[in-house]
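Here are my notes for a first look, as numbered points. Have the structure open while you read.

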Amino acid sequence: MYNINEGSDSKMLIEFSVGNYLSFKEIVTLSMIPTRIREHATTHIFQPQKEIKLLKSAIVYGANASGKTNLFKALSFMTSFVKNSSKDFQAEEAIAIEPFRLSTETIDSPSFFEVVFLHDSVQYRYGFEVDTSHVKKEWLYASAKQKEKRLFERNQQEFELSPAFNEGKGLEQKTRPNALFLSVVAQFNGKIATELMKWFNQIINISGLDDQYKKMSLALLEDNTYKNIFIELIQAADLGIEDIKLIEEDLFLGRRSSLPLTNVITRHKKYDENNQVTDFEDFNMATHESHGTKKLFSLLGPILTALQNGKVLFVDEFDSRLHTLLSSFIVSIFNSINQNPKNSQLIINTHDTNLLSRKLFRRDQIWFTQKDRYGASELYSLVEYNKVRNDASFEKDYLLGKYGAIPFIPRYTFSQKGNED
């Protein structure tokens, strides 16, 4: 199998929490901290520091409209707001937040976001509460040896800074009510804030429903350092593709106007009557390859980028247009010691119950979203079910409703009105 340079930049996700946002009324937390169960203990867990262990992957299941995608949207909003809130074009813009709308308790309350992560051997806890016009609260804590210390706290436009965050001194007045203090300090090259911005920049959050991330795959194929690894992964997926090349051409639009276009060409073996390879045939991926092949091609860019750099990869609608064996193949890469030496983390949501297997995941890696009777999304892990037998089929029991998080479909008979004699 392919080889990736060893080493880790120690940019790991520990926990992500969100509350009063979209379908989440109460604060829910996705945790990458393993429990004490023994399943896949030597492969699916890594130890970036002596005092902390983390999971390499997590998978989220749930019925349609249960909150799976909203969890990923919440992280996307948080990362985007951290990176952009201090920029000039955001000065007059409303904060793109939507609180939980099905309760009078929350409609006028701020939304909550918090992330706990490891960056260059230091554990940080950063979060904020915002409504559509103001940052209500903001906080940053750090712990190098378990004991957590406050770096700063913000309540509206009042700031409390510790001596360890002197880089923010004097920037309080430069922080707009609708901008994050951390973003402003990073904009003025504060050392800690700039480093934390790097952590948010390394998160890759994509949707399986679009191919906008195809550009990442094209960029890797243009780099000889990564091209061979990319081809090896394509070949390991058993798609019949021997090689891939890029051909640049101009798409003429008329009247001396043209648009640069990159065609992806896949090479396949060509056989004679004795099934001996005689030549190769080139196919245009856009017109000759399947939707699943195109999807895998697009996904490999973010996947390899994450694996090469020890990044955190979130994939919404992971199973879209992807065969279940290819999905299993990708998950197994991230859970592998040899194929994921930098301990990149993969967090996905899916409807593909074939992945709901003890061969692929530990119980604390499997999560469910479910709406309560009042329309609020809940998030919980399979490990919270204490009576799951060692020989239980996760997939079968899930489809039987033992873990919740499935749609309730009552019996329904279509009306035959209008067909009466």
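1. Let's start with the rings: 26 aromatic pairs turn up when the whole structure is searched. Rings of Phe, Tyr and Trp (its six-membered ring) count as a pair if their centres lie within 6.5 Å; planes under 30 degrees apart are stacked, over 60 edge-to-face, and the rest tilted.

2. Helices (H or I, at least four residues) and strands (E, at least two) are DSSP runs, numbered from the N terminus.

3. Trp 199 also pairs with Phe 200: their ring centres are 5.2 Å apart and the planes stand at 90°, so this one is edge-to-face. Phe 117 counts as buried, at 0% relative accessibility, and so does Trp 199, at 0%. Phe 200 is buried too, at 1%. Buried means under 20% relative accessible area, exposed over 50%, and partly exposed in between (1.4 Å probe, protein chains only).

4. A word on the source: this is a predicted model, where local features need pLDDT of at least 70 and side-chain atom pairs count only at pLDDT 80 or more, while totals for chains, interfaces and linings use all residues. Residues are numbered from 1 along each chain as its sequence is written, and side-chain values use heavy atoms, with hydrogens and water left out.

5. Phe 117, Trp 199 and Phe 200 belong to one aromatic cluster, whose members also include Tyr 21, Phe 77, Phe 113 and Tyr 126.

6. Now the cores. The largest nonpolar core has 57 residues, and Phe 113, Tyr 126 and Phe 128 have the most contacts inside it. Helix H1 (residues 68–84) gives the most to this core, with eight residues. Apart from it lies another core, of 52 residues, including Ile 234 and Phe 368. A nonpolar core is a set of buried Ala, Val, Leu, Ile, Met, Phe, Trp, Tyr and Cys residues joined through side-chain atoms within 4.5 Å.

7. Where is Ile 14 found? In strand S1 (residues 11–19), and it is buried, with a relative accessible area of 2%. Leaving out residues up to four places away in sequence, Ile 14 touches Phe 117, Leu 30 and Val 116, among others; contact means heavy atoms within 4.5 Å.
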